[in-house]
Amino acid sequence: AGAPGAPGAVRSDAADVPDRHRDLDRLLADTWRTLPSAAAAAARRLTLLCGPFDLEAARAVGGLDTAGLVELLDRAVVQRVGPDRYDVHALVRRSAPRPEPDDLDAHARWVLGRAAALGRRLKREGHAAAIADLVALTDDARAAWRHGVDRLAMGRAALLPLLDAALDPLDHAWHTAGRLGLAAHAFGDAVARARPPAAVPDDAVAPAWRRWWGRVLVRWSVAERMLGGPDAAGAALRRLATSDDPDVALEARLELAKVAHARGDLAGAERAFRAWVADPAGRRRPDLASAAHAGLAVILWATAGDVGEALAHDDAAVLEARRDGDPDALIVALINGGAGAFELGHDAEADRCWREAAAHAERIGHRAREAAVWNNLGMLEARRGHADAARAAFGRSLALRRAAADTSGQASVLLHLGQLEAELGEREAAAAHIETAVAAFDRPGQEESHAMALAAWSELASAQGDARRGAARAQAALAEARAVGSVR
């Protein structure tokens with residue numbers, strides 16, 4: 001075969017090749033033209049799937065039964081890539097006709113429905129498998145979400161129930177996978193383009209549309225806040241805080257409290273959290289109530305507030321998380337409760353909270369939470385003087401962090417391990433681990449952690465008799481701490 005024509009053209013000069021096969025583009029066009037209409041429509045829809053699919057997806061998106069899928073396999077439009085795994089041939093995908101609106105609807109219905117079903121699994125069966133499946137769905141979900149928003153922007157609300165059902169699972173998956181930028185863009189785009197019009201053709205749809213839009217706006221604010229972006233949703237959130245929909249109002253008020261905390265307005269955040277937990281309406285939403293109690297406890301610990309009240313809110317966060325039945329929320333509440341007990345020197349209570357959190361995290365497969373808990377347990381065992389137990393806990397945390405390629409998490413564990421080794425007189429090992437942490441934290445967004453690592457290195461250098469180097473590191477740590485407001 002040669003390529004005498006335009007760049008990228010593929011032709012054959014063999015005498016026994018039919019004319020229609022001499023040009024690849026003509027061959028692909030013939031493939032589509034000779035497909036029966038039903039098979040062509042199915043294949044066109046399958047090209048919307050962003051990767052390999054199973055028979056369930058072929059049925060839901062392509063409208064295919066087993067015989068129809070076999071026909072596409074026989075014609076080499078679809079290829080088998082694994083057990084019950086199929087994919088549209090790359091060249092066929094590239095040459096596919098433009099999809100019809102109904103094709104896009106079929107794809108969006110299946111993808112958003114699949115995301116909603118995985119969200120139900122997330123609570124029922126555990127974290128790892130459901131999150132992995134949701135993350136694998138990311139490219140399809142992004143396209144399906146955008147199409148649903150397109151439809152709403154045109155005033156067509158048929159996909160609204162699925163957009164609403166898929167919202168929380170997609171939000172959770174994108175946050176867990178570190179795709180905050182994707183979440184901020186997808187939700188911000190929906191807020192901008194799919195705001196409910198003043199008059200909705202179907203009065204029965206209007207409340208659901210307004211509720212969905214408000215919930216999306218809250219999640220957009222969360223993503224932007226976690227990215228350190230501007231308070232773009234502030235004015236709209238304040239309006240939502242007085243919404244007629246009680247769930248939307250509760251979510252907006254909680255997010256406003258978190259925004260105040262993120263801005264450093266601790267007094268404003270404390271007032272907002274207190275008002276939230278005092279509102280009897282919050283009892284209807286144990287998932288939000290757990291977060292509100294936890295937020296207030298964090299403020300009280302940070303401002304040296306009433307210790308007993310802080311502990312009470314930590315306990316309330318755990319109680320509400322148990323009432324809600326969400327294992328991840330319970331893990332977070334237990335981690336925070338253990339941190340409060342640790343601050344007070346209540347080692348037995350901290351140990352109880354963190355070991356229960358570790359057990360739940362392992363059960364549902366949430367490796368990031370499990371790693372964080374084992375790091376905490378390592379610090380606890382080190383304070384108790386149990387060096388071997390501390391090493392074992394740090395080792396478990398480090399293995400989990402490495403498996404997740406979590407560089408920052410690894411640095412945190414190595415810093416604590418290095419401090420333990422320094423206390424034990426193992427200065428060479430301590431130096432290696434602390435130096436690694438210093439280097440890993442030397443990047444934007446990690447200034448406070450970098451300052452802590454520099455301070456640990458300063459102490460170690462001074463203990464080794466290198467007073468000049470220790471003083472230099474101490475000055476660098478102090479300057480960095482002042483820059484991030486850790487020193488007043």
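This note sets out points on a predicted model, in the order helix, rings, cores and loops.

1. Basis of the values. In this predicted model, local features need pLDDT of at least 70 and side-chain atom pairs count only at pLDDT 80 or more, while totals for chains, interfaces and linings use all residues. Residues are numbered from 1 along each chain as its sequence is written, and side-chain values use heavy atoms, with hydrogens and water left out.

2. Length of helix H17. Helices (H or I, at least four residues) and strands (E, at least two) are DSSP runs, numbered from the N terminus. Helix H17 covers residues 327-343. The expected span of a helix is 1.5 Å times one less than its number of residues. For the 17 residues of H17 this gives 24 Å, which agrees with the 24 Å between its end C-alpha atoms.

3. Ends and burial of H17. At the start of the helix, a side-chain oxygen of Asp326 comes within 3.0 Å of the backbone nitrogen of Asp328. After the helix comes Gly345, with a positive phi near 80°. Of the 17 residues in H17, 12 are buried (under 20% relative accessible area; exposed is over 50% and partly exposed lies in between, with a 1.4 Å probe and protein chains only). Among them are Leu330, Ile331, Leu334 and Phe342.

4. Aromatic pairs. Rings of Phe, Tyr and Trp (its six-membered ring) pair if their centres lie within 6.5 Å; planes under 30 degrees apart are stacked, over 60 edge-to-face, and the rest tilted. The count by this rule is 5 aromatic pairs. Phe53 and Tyr86 form a tilted pair, because their planes stand at 35°, with ring centres 6.3 Å apart. Phe53 is in the loop between helix H2 (37-46) and helix H3 (55-62) and Tyr86 is in strand S2 (residues 85-88), so the pair ties together parts 33 residues apart in sequence. Phe53 counts as buried at 2% relative accessibility, and Tyr86 is buried at 9%.

5. The pair at Phe342. Phe342 and Trp354 also form a tilted pair, 5.7 Å from centre to centre with 40° between the planes. Phe342 belongs to helix H17 and Trp354 to helix H18 (residues 347-364), 12 residues apart. Phe342 is buried with a relative accessible area of 18%, and Trp354 is buried with 2%. The charged end of Arg383 sits over the ring of Phe342, 3.8 Å from its centre (the rule asks for NZ of Lys or CZ of Arg within 6 Å of the ring centre and within 35 degrees of the ring normal).

6. His360. This residue lies in helix H18. At 18% relative accessibility, His360 counts as buried. Leaving aside neighbours within four places in sequence, His360 is in contact (heavy atoms within 4.5 Å) with Leu330, Ile331 and Leu334.

7. Nonpolar cores. A nonpolar core is a set of buried Ala, Val, Leu, Ile, Met, Phe, Trp, Tyr and Cys residues joined through side-chain atoms within 4.5 Å. The largest has 69 residues, and Trp145 and Trp212 have the most contacts inside it. Helix H11 (residues 206-226) gives the largest share of this core, 8 residues. A second, separate core of 24 residues includes Leu330, Trp354, Ala357 and Ala371. Ring pairs also link Trp145, Trp174, Phe187 and Trp212 into a cluster.

8. Positive phi in loops. Ala76, although not a glycine, has a positive phi of about 65°. Ala76 is in the loop between helix H4 (66-74) and strand S1 (78-82), and is partly exposed at 48% relative accessibility. Asp84, also not a glycine, has a positive phi of about 50°.

Methods: A polar contact is a pair of N or O atoms within 3.5 Å; within protein, one must be able to donate a hydrogen and the other to accept it, and residues adjacent in sequence count only if both atoms are side-chain atoms.
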